[in-house]
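Biologist: I have this one open for the first time and would like to walk through it with you. Could you put it up so that we can look at it together?

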Amino acid sequence: MNEIRGDAKNIRSLLGGTKFAIDYYQREYRWEKKQITELLDDLCDEFLESHEAGNERSAVENYRHYFLGSIIISEKEGRKFIIDGQQRLTSLTLLLIHIYSQLDDDEQKKEIANLIFSYKMGKRSFNLDVDERTACMDALFTGQPFDENGQPESVVNILSRYQDIEEQFPGELANKTLPYFADWLIENVYLVEITAYTDADAYTIFETMNDRGLSLTPTDMLKGYLLANITDTDRRNSASRVWRDRITALQNIGKEEDADAIKGWLRSQHAQTIRERKSGAKPRDFDLIGTEFHRWVRDHAEPLGLLASTAFGRFIEEDFAFYGRWYECIRKAAETLTTGLEAVHYNAQNNFTLQYPVLLAPLVRTDSEEESFRKLRIVASFLDILIARRIWNWKSTNYSTMQYNMFQLVILKIRGKSAAELSQILIERLETEEETFTSNERFSLHGQNRRQIHLLLARMIEFVEIKSGCQSHYTEYIHRHSKNGYEVEHIWADKPERHRDEFDHPTDFSEYRNRIGGLLLLPKNFNASYGDMPYNDKYEHYYGQNILAQSLHERAYKHNPGFRRFIDRTGLPFWPHTEFRKADLDARQDLYRKLAEQIWNPENLWREIDL
């Protein structure tokens, strides 16, 4: 090998004024929501270990440092090509763009901007320099919309992961805390940059670091600990087979699902504490299970009852087998609509990954299959209602915001409860929530909730279709990415001059236009053809769309007896709108609210007991 150099660098020195290229044969950015969420959670926890409210900004210099791993660079012809590490560097760049967009201090924004791009001849040149991503990154930095249709895989993933960062960014890091976190991120978070001067050397280093010996995962280490404490050879072999079969089934769902299943099981059944939501608080059971569950089990052997060989065998053959199997069931239901567990899929569509330990919490090994399904339906429906209400009231549903209350006020309360007890506890829990569908009469579309409103409208259409005796097309409505996908569309075109008789200022018109009562879910090609037309010109075309759009047209009430029976039965204020003025939008706003109250009715939790 020629010269190899390793330098520990903080993010400022790594990204500041340096251009990184990516060779064409390994250009794809493939991180998923899970990796982004874990990165945010890890950074948040590490930062909060040191931060205290009231600190001077200068105190950040003495906060704990955090190591984010190594990257491997091949430097040739004066350029740095990333061999290993582009997933992290791309994700860090997206995080920096989000932080930049939220900061108020112009000087600090300038510091952050220098880590994202440089200017050359009046044009932005991003420090992670990949031509096909430039337009997308530029749109994210400037806060402009960007159409992902027809874009490469990496660009589509970048857009999705940036949205994940917006949705999942921890609330504890926002507002007054954000400047401190930004300083800490660029000054105290380190990576080791390993530089070779030929591709061959760089790839040799990469292979050596990744292939020389197989690193044991936490799942492997937990297995070793548990099996080592089973003294009977036959029992150990039996437990090993159970472990292998269950892990294989989980890994067939996806990468790291085995570890996620174990975390969900231990958190749902055995965690007793969680880190308090205050500066300097230490990680507790819930947090430690998330980062080092193999050590947590070993350190909590006594309270877990792991005191004899038979207990270790039972922990695998009975406990892990039972909760691992149900975790597999709900993960599959999260991916595909499953009869009886539809709400699990709805919650997953809203990226509510916290649902898994919550769903497992009431399950008991002695439950029948029927009782276990009943409990899952009740809890999933509760979460569905809670999420919809929070979305309606512009409240965050991200992991960081929800985990403390989900653990303290839900998991601990429902652990091991019967179906009847579950319904009572969870209905009472919903009754204590401030957020209902009546607490925000002006619910509307804004820059960060388009996807959530898309899902709400899809659910409303599905509900009306099914209750009217029609076939549901929910799975079609939620698709956004294909050219035949659906989009949230405004009934009013963005033409305030058409509405001057009712709105004195374009800002007032825009606020009203974005209210959910003025929105529909329509195919992309519909908006391309009719979006800018006045309502009177679009009116006839709405009848050919889904039932919520059809309901604007008088023919929907003449030629659909199932729909009329649904209206008579529910009393919902559906009626045709031959014109669509301010009063009409108000009426639709009221209709959507009442529709939401029926779809997400807490009384549904009682009905789940009898299904």
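Biologist: Let's start with Met460, then; which residues is Met460 in contact with, leaving aside its neighbours within four places in sequence?
Modeller: This is a predicted model, and in it Met460 is in contact with Trp392, Ile516, Leu548, Tyr592, Leu595, Ala596 and Ile599, once the neighbours within four places in sequence are set aside.

Biologist: And how many residues are in the largest nonpolar core?
Modeller: The largest nonpolar core has 123 residues, and the members that touch the most other members are Leu226, Val297, Leu457, Met460 and Phe574. The largest share of this core comes from helix 16, residues 369-392, which supplies 12 residues. There is also a second, separate core of 58 residues, and that one includes Phe20, Leu89, Leu92 and Tyr162.

Biologist: Is Trp492 buried or exposed, and what about Phe580?
Modeller: Trp492 is buried, because its relative accessible area is 3%, under the 20% cut-off, and Phe580 is buried as well, with a value of 5%. Ring pairs also link both residues into a cluster with Phe503, Phe509, Tyr512, Phe526, Tyr530, Tyr535, Tyr539 and Tyr542.

Biologist: OK, now the sheet; in what order do the five strands come?
Modeller: The five strands form an open sheet in the order 1-7-3-4-2, and their pairing is mixed. Its edge strands are strand 1 (5-10) and strand 2 (20-21), each of which pairs on one side only.

Biologist: How many bridges join strand 1 to strand 7?
Modeller: Six bridges join strand 1 to strand 7, residues 189-196, and these two strands run antiparallel. Asp7 stands opposite Glu193 in strand 7.

Biologist: What lies across strand 3, strand 4 and strand 7?
Modeller: Helix 3, residues 86-102, lies across strand 3 (66-76), strand 4 (79-84) and strand 7, and it runs at about 115° to strand 3.

Biologist: Why does Lys80 count as buried?
Modeller: Lys80 counts as buried because its relative accessible area is 14%, and the cut-off for buried is under 20%.

Biologist: And Arg365, where is that?
Modeller: Arg365 is in the loop between helix 15 (355-360) and helix 16, and at 38% relative accessibility it counts as partly exposed. The side chain of Arg365 makes a polar contact of 2.5 Å with the side chain of Asp319, while its contacts beyond four places in sequence are Glu318, Asp319, Phe322 and Tyr323.

Biologist: How far apart in space are Arg365 and Tyr535?
Modeller: From C-alpha to C-alpha, Arg365 and Tyr535 are 58 Å apart in space, and they are 170 residues apart in sequence.

Biologist: One more polar residue, Ser400: which side chain does it make a polar contact with?
Modeller: The side chain of Ser400 makes a polar contact of 2.7 Å with the side chain of Glu172. Ser400 is in helix 17, residues 399-414, and is buried, with a relative accessible area of 4%. Leaving aside its neighbours within four places in sequence, Ser400 is in contact with Pro170, Gly171, Glu172 and Arg277.

Terms used:
Residues are numbered from 1 along each chain as its sequence is written. This is a predicted model: local features need pLDDT of at least 70, side-chain atom pairs count only at pLDDT 80 or more; totals for chains, interfaces and linings use all residues. Side-chain values use heavy atoms; hydrogens and water are left out. Helices (H or I, at least four residues) and strands (E, at least two) are DSSP runs, numbered from the N terminus. Buried means under 20% relative accessible area, exposed over 50%, partly exposed in between (1.4 Å probe, protein chains only). A polar contact is a pair of N or O atoms within 3.5 Å; within protein, one must be able to donate a hydrogen and the other to accept it, and residues adjacent in sequence count only if both atoms are side-chain atoms. Contact means heavy atoms within 4.5 Å. Two strands pair if DSSP finds at least two bridges between them. Axes are lines fitted to C-alpha atoms, for helices over the stretch in contact, and angles run from 0 to 180 degrees between N-to-C directions. A nonpolar core is a set of buried Ala, Val, Leu, Ile, Met, Phe, Trp, Tyr and Cys residues joined through side-chain atoms within 4.5 Å. Rings of Phe, Tyr and Trp (its six-membered ring) pair if their centres lie within 6.5 Å; planes under 30 degrees apart count as stacked, over 60 as edge-to-face and the rest as tilted.
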